[in-house]
Amino acid sequence: MADSTFIDETHPYGYKEGLEWGYEEGVEWGLLFPEANGEYQSPINLNSREAKYDPSLLEVRLSPNYVVCRDSEVINDGHTIQILLKSKSVLTGGPLLGNHEYELHEVRFHWGKENQRGSEHTVNFKAFPMEIGKEHLGLKAVTEILQEIQYKGKLKTIPCFNPNTLLPDPLLRDYWVYEGSLTIPPCCEKVTWILFRYPLTISQLQIEEFRRVRSHIKGAELPEGCDGILGDNFRPTQPLSDRIIRAAFQ
């Protein structure tokens, strides 16, 4: 499932140095990061029947101005694979504040160790594994170098990455939007989530490349019962509370 986060500038993206966190069962992020206890946390389950159609979302079209990025860095940080983009790509319109440009800073991946799970948000209680299908040509530049950054702390610069290939369709008219939080510590709120209706697809071979990535540095001694495979790196869905999910389509 394709989704995008847009963050209020007053809330910096990232987490506090020195505080260890992970996705292991039973780990309470709220003990270390108080904002993770907030009422408007992400991800959520999106019930499509309860989403409210809001025609105002189409008054100003959601408009990406994404450019091909040169020398992007692909990093294994032990929690995920992320792409740091050095060229300026921006998004405007739709539910975003008028006259504001929101810059695409990085791309993060979440995946499951098995195909029935992996996405953070769910739609009608259905999870996506990063959606299996045909090969994703835009992600080929990433998946073909994952073995070179298999271990935590590894980095690889790729000469060319086009973020437009992560958009599900050029018109971007079919999406849901709600107010939530970062899905990684410190779980700051004031985040506008845009969830596109149509999923992207990658091949089984491509997702298997992600499932070979490790969450530890090379040569590290692993705790008993831990295989060191990085996966299931998604936060469980959080209560919707009194939030309203808006839809740009009927």
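Trainee: In which helix is Gln206 found?
Mentor: The model is a predicted one, in which local features need pLDDT of at least 70 and side-chain atom pairs count only at pLDDT 80 or more, while totals for chains, interfaces and linings use all residues. Residues are numbered from 1 along each chain as its sequence is written, and side-chain values use heavy atoms, with hydrogens and water left out. Helices (H or I, at least four residues) and strands (E, at least two) are DSSP runs numbered from the N terminus. On that basis, the run of residues 204-210 holds Gln206 and is helix α3.

Trainee: Is Gln206 buried or exposed?
Mentor: Buried means under 20% relative accessible area, exposed over 50%, and partly exposed in between, with a 1.4 Å probe and protein chains only. The relative accessible area of Gln206 is 4%, so this residue is buried.

Trainee: Which residues is Gln206 in contact with, leaving aside its neighbours within four places in sequence?
Mentor: Contact means heavy atoms within 4.5 Å. With those sequence neighbours set aside, the partners of Gln206 are Lys134, Glu135, His136, Leu139, Lys140 and Thr143.

Trainee: How many helices and strands does the chain have, and what is its radius of gyration?
Mentor: The chain has 3 helices and 14 strands. The radius of gyration is taken over C-alpha atoms, and the globule rule is 2.2 Å times the number of residues to the power 0.38. For 250 residues the rule gives 18 Å, and the chain is close to that, so it is as compact as a globular protein of that length; its radius of gyration is 18 Å.

Trainee: What percentage of the residues in the chain are buried?
Mentor: The C-alpha trace spans about 55 × 40 × 35 Å along its principal axes. Of the 250 residues in the chain, the buried share is 48%.

Trainee: How many disulfides does a search of the whole structure find?
Mentor: A disulfide is taken as a pair of cysteine sulfur atoms within 2.5 Å. The closest cysteine sulfur to that of Cys160 is in Cys69, 8.3 Å away, which is too far for a bond. Cys188 is in no disulfide either, as the nearest cysteine sulfur, in Cys187, lies 7.8 Å away. For the whole structure, the number of disulfides found is 0.

Trainee: Where does Pro186 lie, and what is omega for the peptide bond from Pro185 to Pro186?
Mentor: Pro186 lies in the loop between β12 (175-181) and β13 (189-196). The bond from Pro185 to Pro186 is cis, and omega is near 10 degrees.

Trainee: In which loop is Pro43 found?
Mentor: A cis peptide bond joins Ser42 and Pro43, with omega about 5 degrees. The loop that holds Pro43 is the one between α1 (29-32) and β2 (45-46).

Trainee: In which strand does Asp71 lie?
Mentor: Asp71 is a residue other than glycine with a positive phi, near 55 degrees. Its relative accessible area is 42%, so Asp71 is partly exposed. Residues 69-76 include Asp71 and form strand β5.
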